[in-house]
Amino acid sequence: QLQLVESGGGLVQPGESLRLSCVESGSIYSNNAMGWYRQAPGKQRELVAGLSSGGITNYADSVKGRFTISRDNAKKVSLQMNSLKPEDTAVYYCYVDVWAGVGNYRRYWGQGTQVTVSS
């Protein structure tokens with residue numbers, strides 16, 4: 001059974017940094033597309049950063065230049081978050097897209113980790 005385990009959330013002050021990590025286990029494939037969404041109270045879940053199986057990254061406009069997604073190994077990705085702002089406060093969810101047949105992928109989600117930016 002595929003699992004995603006997230007870590008690294010917490011409470012920080014504006015301008016500080018956090019590093020989130022997500023480790024996938026249970027898939028027979030490696031280097032799957034992975035990334036992060038976030039959901040703030042009363043708002044829809046939104047893409048923060050994604051990393052394709054080929055190494056292509058994409059970011060939400062609101063985090064470009066501040067957040068960096070990277071692949072630590074075939075089963076782990078990290079999100080380095082610098083210059084954090086109060087509006088970055090949200091639950092951050094890791095995802096992985098696993099090949100499920102020709103042209104098909106299945107998305108799995110982690111349990112979420114809280115990031116709070118407050119003075």
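Which residue forms a salt bridge with Asp61? In this predicted model, where residues are numbered from 1 along each chain as its sequence is written, local features need pLDDT of at least 70, side-chain atom pairs count only at pLDDT 80 or more, and totals for chains, interfaces and linings use all residues. Side-chain values use heavy atoms, with hydrogens and water left out.

The partner of Asp61 is Lys64, and the closest N and O atoms of this salt bridge are 3.1 Å apart. A salt bridge here is a side-chain nitrogen of Lys or Arg within 4 Å of a carboxyl oxygen of Asp or Glu. Side chains of opposite charge can pair when their charged atoms come close. Asp61 and Lys64 are both exposed; exposed stands for over 50% relative accessible area, buried for under 20%, and partly exposed for values in between (1.4 Å probe, protein chains only). By the salt-bridge rule, the count comes to seven.

Another of these pairs is Arg107 with Asp97, with the closest N and O atoms 2.7 Å apart. This pair links distant parts of the chain, ten residues apart: Arg107 lies in strand 10 (residues 105–109) and Asp97 in strand 9 (residues 90–99). Strands are DSSP runs (E, at least two residues), numbered from the N terminus. Arg107 is partly exposed, at a relative accessible area of 33%, whereas Asp97 is buried at 16%.

Salt bridges that share partners also join Arg38, Glu46, Arg66 and Asp88 into one network. Within it, Arg38 pairs with Glu46, and their closest N and O atoms are 2.7 Å apart. Arg38 counts as buried, at 6% relative accessibility, while Glu46 is partly exposed, with a relative accessible area of 35%.

Arg66 deserves a look of its own. This residue sits in the loop between strand 6 (57–59) and strand 7 (67–73), and is buried, with a relative accessible area of 11%. The Arg66 side chain reaches the backbone oxygen of Ser62 at 2.9 Å. Beyond its neighbours within four places in sequence, Arg66 is in contact with Gln80, Met81, Asn82, Ser83, Leu84, Lys85 and Asp88, where contact means heavy atoms within 4.5 Å.

Turning to Trp99, this residue lies in strand 9 and counts as partly exposed, at 40% relative accessibility.

Key: Helices (H or I, at least four residues) and strands (E, at least two) are DSSP runs, numbered from the N terminus. A polar contact is a pair of N or O atoms within 3.5 Å; within protein, one must be able to donate a hydrogen and the other to accept it, and residues adjacent in sequence count only if both atoms are side-chain atoms.
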